Amino acid sequence: MTGVFPAVQLTRCFPEAHGFVLLNPARLDQHLGASSTGRDLLELFSTTEAGDTVARAGIALPLTGVTAGYYTVLVRHAVDRSPCSTAAVSSPGWVLGSETGSLLLCGLGHLRHWRPDHSEHRRVAVPPGWYEIEVRAHPHAEGSDDGTYEFVLTPTPTQPTFRADPTRQLAIL
């Protein structure tokens, strides 16, 4: 089971194509059977069952329906206290696994011509292992970005059961 890790706060994140995705690039390549670089993963994931498959397998966690703007994204361990007020909307039951602990956060639009080394991707390091995740959306706070999205990670000893509602929109503006 994974240990506690320091929270990662990313500011000025833009939701390309009205969303974000937190993913494990190594597991994505492994799942697709080859390098995913250069492929149109947005079309693949939005027009076939492949999007549901990678979400249920804990490879990628998409946030959809995000209004254009700049957001703070916080990735934190469940034992850490949230710096935000009560969430306006939440989406529990997501699953994410990583053998390396190396995750990427990017706007959904970056999946159109996927490059895992794109300079606008944000890197997040967590201990390797499985996590059950709740996504929480918080409205704008004075002097901050347009809002905050939290990925609250609860480590689990094995792959948890996927219980999320992928159709849940997380717009807060």
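Ser-91 turns out to be buried, with a relative accessible area of 2%; buried here means under 20%, exposed over 50% and partly exposed in between, using a 1.4 Å probe and protein chains only. The model is a predicted one, in which local features need pLDDT of at least 70, side-chain atom pairs count only at pLDDT 80 or more, and totals for chains, interfaces and linings use all residues. Residues are numbered from 1 along each chain as its sequence is written, and side-chain values use heavy atoms, leaving out hydrogens and water.

As for confidence, pLDDT is the predictor's own score for each residue, from 0 to 100. The protein averages 92, with 96% of its residues at 70 or more.

Back to Ser-91, which sits in strand β5 (residues 89-98); strands are DSSP runs of E, at least two residues, numbered from the N terminus. The Ser-91 side chain makes a polar contact with that of Trp-94 at 2.9 Å, where a polar contact is an N or O pair within 3.5 Å, one atom able to donate a hydrogen and the other to accept it, with sequence neighbours counting only if both atoms are side-chain atoms. Leaving aside residues up to four places away in sequence, Ser-91 also touches Glu-134 and Asp-165, among others (contact: heavy atoms within 4.5 Å).

Glu-134 leads on to strand β9, where its bridge partner is Val-152. Strands β8 (residues 129-139) and β9 pair antiparallel over ten bridges, pairing requiring at least two DSSP bridges. Strand β4 (residues 71-77) pairs with β9 in the parallel sense over six bridges, and Val-75 stands opposite Phe-151. Nine of the ten residues of β9 (residues 147-156) are buried, so this strand is largely enclosed by the rest of the structure.

How values were computed:
Helices (H or I, at least four residues) and strands (E, at least two) are DSSP runs, numbered from the N terminus.
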